[in-house]
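Have a look at it while I talk.

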Amino acid sequence: MLRTAVILIILLNFIVAYCSVLVPVKTIDSPSIPVGEKHVVPESKGNGKNVLQKTFLFNGSYVYLEDVLFVLKNQNWTEEEQPCLKRTVSLLRNLQNFTLWAAWNWDSIASEPQGLLYGSRFHLGNYDECMDAPWYKDHEELRSQYCLADIVLERTDKAVKKRAHDPYDPYQSALNLLEHQSYFLRPLNRLTWGMCVPDICQKESVARLMGILLAHSHLGAAGLKANVAVNSCDKANEPVHYDALFYAFFLVFGALTVISVVCTLLNKKDLNKRILIITKAFDLKDNALDLLKIKKEGIEVLYGIRFFTMVIIVINHQFGITNGGPISNGYRVDEDIVSFIGMFLLHDDVMVDSFFWLSGFLTANIITKVKGSLNLPVFLLRRYVRLAVAYAVTIFYICSVYPYSGSGPLWKKAISQDTDQCRKNWWASLLMISNYFDTENICLVVSWYIPCDFHFFVVTLLAYWLYKNNKLTGQIAAVLLSVAAIMSPGIVNYLYNLPPIQLFTFDFISNPRGQKQFHLTYIKSHTRFAAYLIGFFSGYIFVRYYTMKNKRISQKWSLIGMLTGITLMIAVLFSGPPYLWRQYTVLESAIYAALNRPVWACGISFIVLSCAFGNVPLIKSFFCWHAWVPLSRLAYGLYLTHSLIIARNVYVTRNMQHNDYVTMLTMSGGVVVEGLIASFLIWILVEAPINNLLAVCLLPRREPSTTEEKNEQNQGHLQDNLPPVVQIDSSKV
């Protein structure tokens, strides 16, 4: 009996399956929508109703777009949206007949999000296929637009108990994983989706269509609620309109190039003295050779340290900006963030403190050698020009040319975050107040460093001027400044209950201007002053004791000092990221915020002073190599331009990229080369000529009177200082 029952059940299932194939498909009553006879799909007649055409046969079952059409037509479309509805229905009907224009359009759409649970946020389809169909010029009625939307998925089954202890338990609901955030703070319930739609559709209609398609995807099976916000639409075959700033940029730099070439040809000829001053200021050869000048003061190690600090910053920003863009393996990146390499990436903001330390050290190396009173206006003007000229060129480029330097589904949205802010607040940047005024719209995120550096220079210069005029008052001021610089970040963190540091997590790298801590502590001068002051005090110690021969230290103590410095820096790097998963206490956060940057700066002091007063084999030789001299001088321009190059490369992408360490390093190398070329052009065409003219205006017919100016007589060029052989154990290579 059991065997007979099984056979009967199998036969019954077979009969039901066979009959289901013969059942007529679900029908939709709809008026015909004229778009031209050759594009309209004829409708089959069946049972007195209009039956939709079949698309294709797969494993004996027909696949239809019927459900999409049914839901689409039963939405509450407004009168303004009716043209979009008609064009969209026409698109789907022609797609059923596999008409080329409709198939081409639909083929460019990512039919549903893929890899969302693996950390793939961006689902862009094929942007160029949507925007560049061969018939757009002849058939305007078929033109499309590419729209990009940000979507937030919300679960509706709040009563379901979550398994927070193991988000990757394979037998739990996938909804739990969608709500889970890794240590890198990457949300999985947010996605960015691109879609190709008729160009007459408004954003509201596009959001409606995206919601329908998302409901028919695998994500719709869980009953998720989708909040769709269409943020941008690019229409096909729209001409590019260049504004006046675009032409002004090329006009200005074309004129500077012509002037520089002419001055190079005329320099050192028998001309009027005033004309010779101008020709010398713009001479390309002289300005290029200025990059090779070396100051032999015992701190040549700073050239290499400065350049390699900049290289590390480029690598870190390459990883960060790329992780904030379209990558396919976000899950693996989030897993690696708690690894050895991840520790460097999360807390790499201390690398900028290395620049503050270097700036303070070099400031002490200059002003402490001045005999007599300090000429405050001259020092301030020269420092401002050094920082502002290249900065102004970069802002000019961002406002004028940068928006036209790329294209893609993410381009306008991403680049407008820099272009709009720079066009709005360029004046605040040049006044060196951009890290305090309207910081939500700061021009060029990495530029916060520049006003900080200028503020530090002004305060330190005034404090040293006070010290030279009254030592006791100056010493009191120095102590108060030091205590305030160390305590201020801790106090701010304590008052606002902030994390101890601004870690480079996903929420920060994807939207740094939107982070509370970024505005309160990360970019403020009063919370970043400590590293600069420690650099200044280290520079003062160097200037005071370096000329004393009995102040040299042995190689043993040099190595101990070097290892101490490296240990302090590693301790800072590895102690910060664990705050992502450790229990948070306000007092501990405040203490760490106050001490981590000064400790990092002390580590640099140990390393540099150990090399200056002693000898550390290999390390000192490497960093003192004369090839780092010109690269070090171009590091500031590289700092200004590198983030623009990285962002351009990331946001012109059309598809998700696999994030791979070797690939990231390779791309970082390209960014360094391109940034150095841009920095070199800024130097020889703008920076060097303005510095030369400023020097003539400030020091006309004057013999060098300060130690700093006399040291210029001891400078040589790179080719004059290279030794004939490589000596590994010496201080030069």
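So, the accessible surface of the protein chain: it comes to about 35900 Å², and carbon and sulfur atoms own 63% of that. Keep in mind that this is a predicted model, so every value I quote is computed from predicted coordinates. The chain has 733 residues, and 49% of them are buried. In secondary structure we have 29 helices and eight strands.

Now the cysteines. How many disulfides does a search of the whole structure find? The search comes back with four. For anyone who wants the reminder, a disulfide is a covalent bond between the sulfur atoms of two cysteines. Count the bonded cysteines along the chain and the pattern reads 1-5, 2-4, 3-6, 7-8.

I'll go through three of them. Cys130 is bonded to Cys196, with an S to S distance of 2.1 Å. Cys130 sits in helix α5, residues 127-131, and Cys196 in strand β7, residues 190-198, so to speak a helix-to-strand link across 66 residues. The S-S torsion here is about 85°, so this disulfide is right-handed. Cys130 is buried, at 0% relative accessibility, and Cys196 is buried too, at 3%.

Next, Cys147 and Cys233, again with S to S at 2.1 Å. Here the link runs strand to strand: Cys147 is in β6, residues 144-154, and Cys233 is in β8, residues 225-235, so the bond ties together parts 86 residues apart in sequence. The torsion about this S-S bond is about 115°, so the link between Cys147 and Cys233 is right-handed. On accessibility, Cys147 is buried at 0%, while Cys233 is partly exposed at 24%.

Cys422 belongs to helix α16, residues 411-430, whereas Cys443 is in the loop between α16 and α17, and the two are 21 residues apart. The torsion is 80°, a right-handed link. Both Cys422 and Cys443 are buried.

What about cysteines elsewhere? Cys624 is buried, at 8% relative accessibility. Cys697, on the other hand, is exposed, at 61%.

Last stop, back on the surface. There's a nonpolar patch with about 1100 Å² of accessible area altogether, and its members include Val479, Ile486, Met487, Tyr494, Leu587 and Val599. Which helices each supply at least two residues of the patch? Those are α18, residues 471-496, and α23, residues 586-613. Helix α18 gives the largest share, eight residues. To pick one of those out, Ile486 is in α18, and at 31% relative accessibility it counts as partly exposed.

That's my tour, happy to take questions.

Conventions: Residues numbered from 1 in each chain as written. Predicted model: local features only at pLDDT ≥ 70, side-chain atom pairs only at ≥ 80, totals over all residues. Heavy atoms only, no water. Disulfide = S-S within 2.5 Å. Helix = DSSP H or I, 4+ residues; strand = E, 2+ residues; numbered from the N terminus. Buried < 20%, exposed > 50% of the residue type's maximum accessible area, 1.4 Å probe, protein only. Areas by Shrake-Rupley, 256 points an atom, 1.4 Å probe, with all protein chains shown as cover. Patch = residues over 30% accessible without salt bridge, like charges linked within 9 Å, V, L, I, M, F, W, Y side chains within 5 Å. Salt bridge = Lys/Arg side-chain N within 4 Å of Asp/Glu carboxyl O.
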